[in-house]
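This report goes through selected side-chain and backbone features of one protein model. Please look at the sequence and the structure first, then read on.

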Amino acid sequence: MKKIVLWMMTVFLLTACSGKSMQVEVTNPSSSDRNNEIIELSWKTVAGQLTLTPGSEIVVLDENGKQIPYQLLTKGEQEIQSLIFPVSVKADGKSVYTIQSGEPEVFTAMVSGRQVPERKDDFAWENDRIAYRMYGPALANENPSNGVDLWLKRTDELIVDKFYHDELVNKLSYHIDHGQGLDCYKVGHTLGAGGIAPYVDGQLWVGNHYDSYKIIDQGPLRISFELVYDSIPVAEKKVKQTVLISLDAYSQLNKAIVTCENDLDTLQLAAGIFLHTVIGDIKADKEAGYIAYAENAVSDAGLASGRNYVAAILPVIKEIKQDETHLLVLADYKKTEPFIYYFGAGWSKWGFESDEDWFNYVEKYVESLKEPLVVKITKTK
């Protein structure tokens with residue numbers, strides 16, 4: 001299970017000594033193995049512990065002394081804010097990683113994202129597991145939405161740029177699987193594969209296209225970006241919605257932080273899954289906080305392409321609703337608190353042999369959110 005664990009340094013930092021090497025102990029309190037899960041450390045703490053000078057570089061080593069990839073995050077600021085890297089820890093076990101001065105190896109980027117002006121301002125992003133896109137201003141006259149479009153892939157290579165180039169230049173449609181995946185998911189004016197919109201007066205108010213975007217951090221392990229929807233019509237009023245999305249390497253699911261500017265007396269938000277014309281298999285758990293869906297994937301040529309999977313996780317759910325077009329999870333929006341939810345997808349041809357495999361993945365992801373990895377510095381020398 002992959003997700004972000006932000007560790008706030010406590011007494012361990014007060015007792016550690018500065019040096020050129022530090023050890024980080026990661027403990028897994030859950031009953032499931034956690035493989036390639038991204039953890040996050042304060043860069044100020046790391047740099048201080050290693051007494052790094054400007055221009056110094058670091059390496060991160062696993063328990064076998066082998067270098068692993070890492071990323072330095074700015075989170076939109078001028079200075080580096082955090083260090084992230086993947087860890088693997090057995091159930092009820094612990095692993096120790098070393099951070100030290102050194103020359104890092106070159107690792108292949110596992111995530112990417114950009115606006116695609118050559119394809120009507122799509123904003124597309126991906127990792128080694130899955131790919132997504134959201135619709136931009138140039139699509140305004142063609143049934144736009146703020147729903148999430150899904151690209152199924154069966155390679156750990158980054159394929160978005162190749163797919164667009166092949167479609168636009170080589171006339172090789174990405175709606176057909178040529179060996180690496182395809183786009184066979186239909187969105188229309190819906191929430192698609194886990195989008196979010198206001199839910200007011202018993203109605204879902206799907207937006208149109210994003211109006212502006214900003215890339216916050218760009219790989220190799222995490223892509224983070226912000227999409228702003230300036231004016232979503234809601235019950236004769238307008239809501240400005242900003243969504244900060246991040247996707248980590250190895251993960252099927254995105255994390256989203258939603259902010260709404262509005263003058264409504266009350267506001268609910270609904271994260272949803274478009275059910276298309278034939279309802280597939282649904283698994284939903286209000287107490288656990290998720291909805292998951294499995295359906296047949298069919299190419300534009302009418303060819304069966306396995307099963308595609310979608311899920312949305314909302315830690316505190318007020319209600320789960322289903323109508324002819326959507327499966328929705330609803331929650332109250334409070335202006336003083338960050339609204340966080342998770343959404344994502346998978347494919348039977350890349351990592352999930354059955355619907356049950358997908359549902360199990362979602363359930364374990366939910367469990368990992370409730371039982372985060374415990375991270376501490378154990379030794380500095």
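## Arg133 and its salt bridge

Arg133 is buried, with a relative accessible area of 4%. Buried means under 20% relative accessible area, exposed over 50%, and partly exposed in between, using a 1.4 Å probe and protein chains only. The side chain of Arg133 meets that of Asp122 in a salt bridge, at 2.7 Å from N to O. A salt bridge here is a side-chain nitrogen of Lys or Arg within 4 Å of a carboxyl oxygen of Asp or Glu. Asp122 lies in strand E10 (residues 122-126) and Arg133 in strand E11 (residues 131-134), so the pair ties together parts that are 11 residues apart in sequence. Helices (H or I, at least four residues) and strands (E, at least two) are DSSP runs, numbered from the N terminus. Asp122 also counts as buried, at 0% relative accessibility. Both residues belong to a network of salt bridges that links Arg119, Asp122, Arg133, Asp149 and Asp183.

## Basis of the values

This is a predicted model, in which local features need pLDDT of at least 70 and side-chain atom pairs count only at pLDDT 80 or more, while totals for chains, interfaces and linings use all residues. Residues are numbered from 1 along each chain as its sequence is written, and side-chain values use heavy atoms, with hydrogens and water left out.

## Other salt bridges

The count of salt bridges comes to 23. One of them joins Glu25 and Lys376, whose closest N and O atoms are 3.8 Å apart. Glu25 lies in strand E2 (residues 21-27) and Lys376 in strand E27 (residues 374-380), so this pair ties together parts that are 351 residues apart in sequence. Glu25 is buried, with a relative accessible area of 13%, whereas Lys376 is partly exposed at 26%.

Arg114 and Glu118 form another salt bridge through their side chains, at 2.7 Å from N to O. Arg114 is partly exposed, with a relative accessible area of 26%. Glu118 is partly exposed too, with a value of 43%.

## Polar contacts of Glu40

Glu40 is in strand E3 and is buried, with a relative accessible area of 2%. A polar contact of 2.5 Å joins its side chain to that of Lys75. A polar contact of 3.4 Å joins the side chains of Glu40 and Arg222. A polar contact is a pair of N or O atoms within 3.5 Å; within protein, one must be able to donate a hydrogen and the other to accept it, and residues adjacent in sequence count only if both atoms are side-chain atoms.

## Aromatic pairs

Rings of Phe, Tyr and Trp (its six-membered ring) pair if their centres lie within 6.5 Å; planes under 30 degrees apart count as stacked, over 60 as edge-to-face and the rest as tilted. The count by this rule comes to 21 aromatic pairs. In one of them, the ring centres of Tyr164 and Tyr174 are 5.9 Å apart and the planes are at 85 degrees, so the pair is edge-to-face. Tyr164 lies in helix H3 (residues 160-168) and Tyr174 in the loop between H3 and strand E13 (181-182), so the pair ties together parts that are 10 residues apart in sequence. Tyr164 is buried at 1% relative accessibility, and Tyr174 is buried at 5%.

Ring pairs also link a cluster made of Phe123, Trp125, Tyr132, Tyr210, Tyr213, Phe225, Tyr341 and Phe343.

## Helix H4

Helix H4 (residues 355-370) has 16 residues and reaches 23 Å from its first C-alpha to its last, close to the 22 Å expected at 1.5 Å a residue. The expected span is 1.5 Å times one less than the number of residues in the helix.

The buried residues of H4 are Asp355, Trp358, Phe359, Tyr361, Val362, Tyr365, Val366 and Ser368. What covers these residues includes strands E3 (34-42), E19 (253-261), E21 (281-285), E22 (290-298), E23 (304-313) and E26 (339-347), where contact means heavy atoms within 4.5 Å.

## Backbone exceptions

Most residues other than glycine have a negative phi, and most peptide bonds are trans. Lys120 has a positive phi of about 60 degrees although it is not a glycine, and Asp121 has one of about 65 degrees. Lys120 is in the loop between strand E9 (112-116) and E10, and Asp121 is also placed in the loop between E9 and E10. Lys120 is partly exposed, with a relative accessible area of 32%, whereas Asp121 is buried at 16%.

The peptide bond from Gly219 to Pro220 is cis, with omega near 15 degrees. Pro220 sits in the loop between strand E16 (212-218) and strand E17 (222-234).
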